[in-house]
Amino acid sequence: MNKKLAAALSGGAVLVMALSGCSSDDGNKELDAWAKSLCGQIKPQLEKSVKAQQAIISTAADGNREEIKKVDSASFQASSDAYTAIAAALEKAGPPPVDDGEKIQTDTVKELEKASKAYEDLKKQSDKMDAKDDSPEGVKKFSDDLKKIADELGKIQDEGADALESLTEGEVGEAIAKQPDCKVESASPSS
């Protein structure tokens, strides 16, 4: 039942993957210091997001409906909180010291806040699911609701990847990719 939701997450956290690219050794010391400061602040949030996704994936195979509902709700809340905290850390770090740094910061913060709200909305949807109705209609409704959530999650992740593009490309992306604190093991489905 939760396999579609797990599949939507199996690529790992969008933010984590976006921030864990390859990098060159060349760099701008001021930009590298900015990236180090930002990554140091957001590492716990990146880890929280990955753990939330791993929880959903782990309940996909053998979780009952009540467990799936509980884990999904908690995981969506954790993801929402993580995105809010990452946006706050980016605001605190200030704009990256590059051309259009203020625009990059402003646009990315806005998109992170939008993603946080979207995860909060998914939490509300999962909280409304009826996991106790064992009738065939109840089981089907739960499954249909879960599919809708998985579809919405896929859209959120696609939008999140697009939103982070300016933060993960060019000089800024290279500086961030060099930072160990921005590299976190991504979520992956169990085999």
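1. Buried residues (under 20% relative accessible area with a 1.4 Å probe, protein chains only; exposed is over 50%, partly exposed in between) make up 43% of the 191 residues in the protein chain. Keep in mind that this is a predicted model, where local features need pLDDT of at least 70, side-chain atom pairs count only at pLDDT 80 or more, and totals for chains, interfaces and linings use all residues. Residues are numbered from 1 along each chain as its sequence is written, and side-chain values use heavy atoms, with hydrogens and water left out.

2. Look at the overall make-up next. The protein chain has 8 helices and 0 strands; both kinds of element are DSSP runs, numbered from the N terminus (helices are H or I, at least four residues; strands are E, at least two). As for contacts (heavy atoms within 4.5 Å), take those in the chain with a separation of 6 or more: 84% of them join residues 24 or more positions apart.

3. Now follow helix α4, which covers residues 65-93. Its 29 residues reach 41 Å from first C-alpha to last, close to the 42 Å expected (1.5 Å times one less than the number of residues). Just after α4, Gly94 takes a positive phi of about 85°.

4. Rings of Phe, Tyr and Trp (its six-membered ring) pair if their centres lie within 6.5 Å; planes under 30 degrees apart count as stacked, over 60 as edge-to-face and the rest as tilted. That rule gives 2 aromatic pairs. Phe76 and Tyr119 make a tilted one, 6.4 Å centre to centre with 35° between the planes. Phe76 lies in helix α4 and Tyr119 in helix α5, so this pair ties together parts 43 residues apart in sequence. Tyr83 and Tyr119 are stacked, at 5.4 Å and 25°.

5. Leaving out residues up to four places away in sequence, Lys123 touches Ser73, Phe76 and Gln77.
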